[in-house]
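Please take a moment with the sequence and the coordinates before reading on. The paragraphs below are meant to be followed with the structure open beside them.

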Amino acid sequence: MKIAVWHNLPSGGGKRALHDQVRGLLARGHTIEVWCPETSDSRYLPLSELVPEHRLPLPQPKSSSLLPRPFRINITERLASLRAIEVHAREAAAQIERGEFDLALIHPCLRTFAPYIGRFLSIPKVLYLQEPNRPLYEAHPRLHWVAPESGSVVRTLLDLAYLQVRRVEAREEATNVHAYDKVLSNSYFSRESLLRSYGVESDVCYLGVNTERLPLADTPREPFAIGLGAFTKEKGLDFVIESLGKVSASIRPRLIWVGNSAWGSSYKEEMLKLAQERGVVFEPREGISDAELTGLLQKASVMVYASRLEPFGYAPLEAACCGTPVVAVQEGGMRESLVDGVTGLVVPRTHEAVAGAVASLLSNPERARSLGCTAASYVRQHWSLEAATDRLEAALARVSPAGHTPPLAS
């Protein structure tokens, strides 16, 4: 098949998923070209090293400078940014249409999640949507739709205007997601989330792990726990620090947290202060290379993973592939990708449960080693990139007349 790909992704798990999908499809002999805004991340896992990549301008949103600053930032600039990404999508779609592609594989948009480009493509189009726009539909920490406490008239008017903007965003995303011939999700948990948020049916197409990049090394484990994810509250960094603070000081591991982005400069500073208060040695690492990350995964004694309602759970599978046992909360897509007692320990979301699981592994290195070996074998058997490519290729072939249906992975 000749496949056009579009995305507007930052660094992180979503970009890794796309990178692996492109590599897998190329290995099967498919032809691929990529389109994206010039504002998308080009340094992390650059697709331009694999296939032709067309980075198109994204018009700078313009809003009235006559309005007060809160109105400009929260209201007019948000609406202007929607129009800008729509203009970009029209141009990208026009270029794709001229390329005589059999199919378009679309990944999320950093601004709208469900991208506009599906509206403007006439060729078969598949959207791989890993999660809905969670801030629109979940409490982060409160729902946008909940009325604020009573305030001034100006505050009330500002809130009503901002609420209308969010309603417009929700309307645009719902329209976008229904423009695709097929929507693929990364887990049954995500499938249900998309159904609740957009009223759209999707097919589960599980991701896979690049086992060649994550070998099981026969190296001594060091007394540290590793966390992986953006420096944001949704990734559960504060929860992990609080949990490790309840592990006995005699075996308490230091925490190395690897992330590619931060939720403002203050959050990381707050976490450093919290760690000091809880007696946890905390070492944040930002923007490290894949080789460095793999080395840390091969040396860590345990991964602690507590992302809030994580749609799939990519990082725990990467750790397990390196033989690092995982302590994860029993929540979201991790209930599908992880198996208690096989890939690690899956526990309720309480500080005591996580601390107890971590302590049980650190106090029994032989058990941790055995669990790590079992985890590595399980991931290679059930979550390989080859099997993930089988699933994706079959899903695309069912949409494109030019496709052929390969045998499904067992």
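What follows goes from the confidence of the model to its sheets, then to a pair of helices, and ends with a single residue.

This is a predicted model, and so its confidence values deserve attention before any geometry is discussed. The mean pLDDT of the protein is 91, and 93% of its residues reach 70 or more. Over residues 405–410, however, pLDDT stays under 50, and for this stretch the model has eight contacts beyond four places in sequence.

We can begin with an open sheet of seven strands, whose order is β3-β2-β1-β4-β5-β6-β7 and whose pairing is parallel. Its edges are formed by β3 (53–56) and β7 (203–204), each of which pairs on one side only. Within this sheet, strand β4 (residues 103–109) is joined to strand β5 (residues 125–128) by three bridges in the parallel sense, and I106 stands opposite L127 in β5. Helix α13 packs on the sheet, where it touches β1 (2–8), β4, β5 and β6 (182–185), and the direction of α13 makes about 120 degrees with that of β4.

The helix α13 (residues 385–397) also packs against helix α1 (residues 13–27), at an angle of about 80 degrees and with the two axes 9 Å apart. Since angles of 65 to 115 degrees count as roughly perpendicular, α1 and α13 are therefore roughly perpendicular to each other. On the side of α1 the contact is made by D20, Q21, R23, G24 and L25, while α13 contributes L385, T389, L392, E393 and L396.

Strand β8 (residues 222–228) runs parallel to strand β11 (residues 300–305), and three bridges join them; I226 stands opposite M303 in β11. On its other pairing, β11 is linked to β12 over three bridges, also in the parallel sense, and the bridge partner of V304 in β12 is V327. How many of the residues of β11 are buried? The strand β11 is mostly covered, with six of its six residues buried.

Is P135 buried or partly exposed? The relative accessibility of P135 is 30%, and P135 therefore counts as partly exposed. Apart from neighbours within four places in sequence, P135 is in contact with H140, H144 and R166. A comparison across the chain can be made with C373, which lies 238 residues from P135 along the sequence, the C-alpha atoms of P135 and C373 being separated by 38 Å.

Terms used: Residues are numbered from 1 along each chain as its sequence is written. This is a predicted model: local features need pLDDT of at least 70, side-chain atom pairs count only at pLDDT 80 or more; totals for chains, interfaces and linings use all residues. Side-chain values use heavy atoms; hydrogens and water are left out. Axes are lines fitted to C-alpha atoms, for helices over the stretch in contact, and angles run from 0 to 180 degrees between N-to-C directions. Helices (H or I, at least four residues) and strands (E, at least two) are DSSP runs, numbered from the N terminus. Angles under 35 degrees count as roughly parallel, over 145 as roughly antiparallel, 65 to 115 as roughly perpendicular and the rest as oblique. Contact means heavy atoms within 4.5 Å. pLDDT is the predictor's confidence in each residue, from 0 to 100. Two strands pair if DSSP finds at least two bridges between them. Buried means under 20% relative accessible area, exposed over 50%, partly exposed in between (1.4 Å probe, protein chains only).
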